[in-house]
Amino acid sequence: MKNFLMITGLLLSLSSCKSYMMSTVSSPNTQKDEFTGIQKMENDSLTISYNFAGDNTPLKIDIYNKLNEPIYVNWEHSALIVDETAYSFVDETMKLEAFTNSSRDVLSLQEYNSRSGTISGTIKTTQKEGFIPPKSKITRTLNVLNNMEQAKIDKSLFQPVVVNHADGSGFFRVKEAYFTPENSPLKFKSFINLYVIKDNVPKQFFYQQDFYVSQLMKTAVHPKNIIEVGADQGNKIIRSTTTGYGKVMTGVAIVGAIGAVGAASALTQDKGAE
């Protein structure tokens, strides 16, 4: 049993071997907050903020209404555009959250059984429009970046760079590559459709911001633990993958664990036979 627990612990530790790819997002027509890294487009009517911070490629959009009248966001006709493909800001998936309640009646003299049940719940759908009251904001978090694929990158573009652990334990090497808007492996646009009501008639307007990946970093340490990166930077996209070593050694550990279980079982049976 002791050996099995040790092998199981080894399996769990090896299965967590990960590598990280951090993409730095830049934009020619937004302003970056130097403290948070959040990209902003601002004018006299509103402020649109783009925050890419977090694992699993979220995109958090804040829209602040500066006007003295409501603004409406048409999310159904808003999208991220990569090349010529539009990825909608609306998730059409419908989720049902429900519970059942059943009862049973038995009439023994007549050997009669009956069972009844009810199911109730709610279906949640993504709102296709957003309402922004005057002097207020709305927030929408999307995962459309998961659908995007960046172009293959020549390994020779990556150069070794020395960075520091955030806990002060020392330094280590990562690999970095830098890009321009012309040769970036990933370029995309945000298209947001809005409208206001004038004389009971919708008046549409839209904003388009351009983005591109200007830097890539490959590291075996989570970027949040690197001093030069900082925590939760709004212009950083972080993706993680299990390394080949982790996958292979996890398989070895699984085989070892199975063998350990079999050996332990056989030993128990032998002792029982004695």
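Reader: Let's start with the second largest pocket. By class, what does its lining have?
Author: The lining of that pocket has seven nonpolar residues, four charged ones and no polar ones. Keep in mind that this is a predicted model.

Reader: Okay, and which residues line the second largest pocket?
Author: Its lining consists of Pro 28, Ile 81, Val 82, Asp 83, Pro 181, Lys 187, Phe 188, Lys 189, Asp 210, Phe 211 and Tyr 212. Strand 6, strand 14 and strand 15 are the elements that give two or more residues to the lining.

Reader: What volume does the second largest pocket have?
Author: The volume is about 170 Å³.

Reader: Asp 83 was in that list. Where is Asp 83 found?
Author: Asp 83 is in the loop between strand 6 and strand 7, which covers 85-88. Its phi is near 55°, a positive value in a residue other than glycine.

Reader: And does Asp 83 count as buried or exposed?
Author: Asp 83 counts as exposed, because its relative accessibility is 71% and the cut-off for exposed is over 50%.

Reader: What about Asp 199, what is phi there?
Author: Phi of Asp 199 is near 55°, again a positive value in a residue that isn't glycine. Asp 199 sits in the loop between strand 14 and strand 15, and with a relative accessible area of 77% it is exposed.

Reader: Let me zoom out. How many helices and strands does the protein chain come to?
Author: The chain has two helices and 16 strands. Of its 274 residues, 34% are buried. Among contacts with a separation of 6 or more, 66% come from residues 24 or more positions apart.

Reader: How far is Val 73 from Tyr 195, C-alpha to C-alpha?
Author: Their C-alpha atoms are separated by 6.6 Å, while along the chain the two are 122 residues apart.

Reader: Switching topic: which side chain does Asp 62 make a polar contact with?
Author: The side chain of Asp 62 makes a polar contact of 2.6 Å with the side chain of Thr 139. Asp 62 lies in strand 5. Not counting residues up to four places away in sequence, Asp 62 touches Thr 47, Ile 48, Ser 49, Lys 137, Ile 138 and Thr 139.

Reader: Why is Asp 62 called buried?
Author: Because its relative accessible area is 15%, and buried means under 20%.

Reader: And Glu 69, where is its place?
Author: Glu 69 is in the loop between strand 5 (59-65) and strand 6 (71-82). With a relative accessible area of 22%, Glu 69 is partly exposed. A polar contact of 3.0 Å joins its side chain to that of Lys 198.

Reader: What else is Glu 69 in contact with?
Author: Setting aside neighbours within four places in sequence, Glu 69 is in contact with Pro 134, Val 196 and Ile 197 as well as Lys 198. Glu 69 and Lys 135 are 8.5 Å apart, C-alpha to C-alpha, and 66 residues apart in sequence.

Technical notes: Residues are numbered from 1 along each chain as its sequence is written. This is a predicted model: local features need pLDDT of at least 70, side-chain atom pairs count only at pLDDT 80 or more; totals for chains, interfaces and linings use all residues. Side-chain values use heavy atoms; hydrogens and water are left out. Helices (H or I, at least four residues) and strands (E, at least two) are DSSP runs, numbered from the N terminus. Buried means under 20% relative accessible area, exposed over 50%, partly exposed in between (1.4 Å probe, protein chains only). Contact means heavy atoms within 4.5 Å. A polar contact is a pair of N or O atoms within 3.5 Å; within protein, one must be able to donate a hydrogen and the other to accept it, and residues adjacent in sequence count only if both atoms are side-chain atoms. On a 1 Å grid over the protein atoms alone, a cavity is a set of points where a 1.4 Å probe fits but cannot get out, and a pocket is an open set with protein on both sides within 12 Å along at least five of seven lines; lining residues have an atom within 4 Å of a point. Grid points are joined across faces, edges and corners, and a volume is the space filled by probe spheres set on the points. Ala, Val, Leu, Ile, Met, Phe, Trp, Tyr, Cys and Pro count as nonpolar, Asp, Glu, Lys and Arg as charged, and the others, Gly among them, as polar.
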